[in-house]
Amino acid sequence: MKIMTKKQHFYHIITFGCQMNKNDSERMESILQSMDLKSTEMPENADIIIMNSCSVRETAERRVYGKSRNFLELKKKNPNLIVCVTGCMPGRDKKGGLKKRLHGVDLYFPTRDMVMLPKWLSELNPNLRPIDLEKDYLTVVPRTKNKAQTFLTIQTGCNHFCTYCVVPHARGTEGNRSLKSILDEARDLASQGCLEITLLGQIVNHYIASDPEFFSKTNPYKKNDFAKLLWELNQIEGVERIHWTAPHPMYMDDEVIDALTLPKQINFIHLPVQSGNSEILEKMNRRHDREFYLETIKKIRAKKPDIAIGTDIIVGFCGETEEKFQDTVTLFKECDFDISYNAKYSERSGTVAAKAFTDDISKEEKKRRWFVLQDLMVDIAYKKNQVYVGKQVSVLVDTYKNNTCGGNSSEMKRVNFPGKKENLGTIVSVKINRAAEWILWGDML
Ligand code: SAH
Ligand code: SF4
């Protein structure tokens, strides 16, 4: 008698862009694994390839077009291969113009439709097992490879419509998860050994709970739901570190700033500024000026003097003269940023900036300004990191190779030290003995 064994099917996911996309890819992994599929690192071995796209800059979209062309070759070898594109591209592509530039894509859907994957995939390949899912994709529990560190999405979309930004077009308006579902997920993560939770949202500090009755009576914060949420998460046993991204300067009120001193809050905040010039900020519709940002940084440092601060900056936005750019340079120095994600302005169709302003700074000039900021950042990072030499930092270990452990300190500084495999997934104390711009070295205590 011949025994028929079922063929094992494999998936390959490519994630572009932000941490929210990474978190969404983890949800899709969870869905595919519930359908008995296994992950493969090699696209040529996959039955299903999913590209989770990013639209923030044009270069990110170009990479998806390029890959879709490569996968056409794979489809010739494996006609059953299913290629999917999800994330921000289908989200913003209301008229289908982007889809036309893709090749051989079988499924093209915005992130929230990932719950349809089992149905669609099993229709395309009847050997795949469909499963039932709830309608809300946020109820899909992400499959995290690293149990000690996890993302927790608390908010989707954005209502701010900064004039350069495609996110509200791609991900829709702001939606906040219920407080109960966030606290349940956080407790669940803690019970599975999670030590560090990173809360995700486009304006994470604008979180509003639809079910405030779940806040404890003893919660010390009264006005700001995000500060209240941070306090609640601080009470969960097992969770050691709380991190969040990205807050908006406008909502850094006294309660949120005070919450930076809660015991489990990491010693780092990422606070995007985008530009140091008030006129450009207005044109970007950031709803605050240079002085407000500087004042906010002052208030943060008054509460927590040694906090590390990161930011996002766009150079070469429409109408950014050299003088205006210099305002960004001086703000950078004044804020003494530990890290900055610098971007060259990239015009995105559908945004107010694309419709109403001229993208008038040349590519070369954008590049030059970008290098000015990169060089400044490296100088400041090097200088700031020397302060850690001789000091003790706590490190959540996430890599191990050749007797060397690596991980992030509470300041989100990368730290390497001699260690053992058993240190992986634990928090250890390390005394720093050497520092470069992007790495600290030390010995475990
Ligand atoms: N919600 C976050 C940012 C989300 S987009 C906030 O408000 O700060 C992530 C970063 O991409 C932005 O902070 C910005 O620096 C960059 N970015 C967004 N649109 C861009 C564009 N059109 N060109 C270049 N960079 C852009
Ligand atoms: Fe984009 Fe502005 Fe919303 Fe951030 S706040 S996601 S930059 S529109």
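Trainee: By class, how many nonpolar, polar and charged residues does the shell around ligand 1 have?
Mentor: The model is a predicted one. In it, the shell around ligand 1 has six nonpolar, three polar and five charged residues.

Trainee: Which residues are the closest to ligand 1?
Mentor: Ligand 1 is surrounded by 14 residues, and the closest are Tyr164, Gln202, Gln274, Asp312 and Ser346.

Trainee: What lies 2.8 Å from a nitrogen atom of ligand 1?
Mentor: A backbone N or O atom of Gln202 lies at that distance. A polar backbone atom of Ser346 is also 2.8 Å from a nitrogen atom of the ligand.

Trainee: And which atom of Arg286 lies 3.1 Å from an oxygen atom of ligand 1?
Mentor: That is a polar side-chain atom of Arg286.

Trainee: How much of ligand 1 does the protein bury?
Mentor: Taken alone, ligand 1 exposes 540 Å², and the protein buries 89% of that.

Trainee: Which elements give two or more residues to its shell?
Mentor: They are strand S12 (308-315) and strand S13 (339-344).

Trainee: Turning to ligand 2, which residues are around it?
Mentor: Among them are Cys158, Cys162 and Cys165, together with Tyr164, Gln202 and Arg286. By class, the shell around ligand 2 has eight nonpolar, two polar and one charged residues.

Trainee: A change of topic: where does Asn125 lie?
Mentor: Asn125 is in the loop between helix H4 (117-124) and strand S6 (149-153).

Trainee: Is Asn125 buried or exposed?
Mentor: Asn125 counts as buried because its relative accessible area is 11%, under the 20% limit. Leaving aside neighbours within four places in sequence, Asn125 is in contact with His9 and Ile82.

Terms used
Residues are numbered from 1 along each chain as its sequence is written. Chains are lettered from A and ligands numbered from 1 in the order in which they are written. This is a predicted model: local features need pLDDT of at least 70, side-chain atom pairs count only at pLDDT 80 or more; totals for chains, interfaces and linings use all residues. Side-chain values use heavy atoms; hydrogens and water are left out. A residue is near a molecule or strand if one of its heavy atoms lies within 4 Å of it. A polar contact is a pair of N or O atoms within 3.5 Å; within protein, one must be able to donate a hydrogen and the other to accept it, and residues adjacent in sequence count only if both atoms are side-chain atoms. Accessible areas come from the Shrake-Rupley method with a 1.4 Å probe; for residues, only the protein chains shown count as cover. Helices (H or I, at least four residues) and strands (E, at least two) are DSSP runs, numbered from the N terminus. Ala, Val, Leu, Ile, Met, Phe, Trp, Tyr, Cys and Pro count as nonpolar, Asp, Glu, Lys and Arg as charged, and the others, Gly among them, as polar. Buried means under 20% relative accessible area, exposed over 50%, partly exposed in between (1.4 Å probe, protein chains only). Contact means heavy atoms within 4.5 Å.
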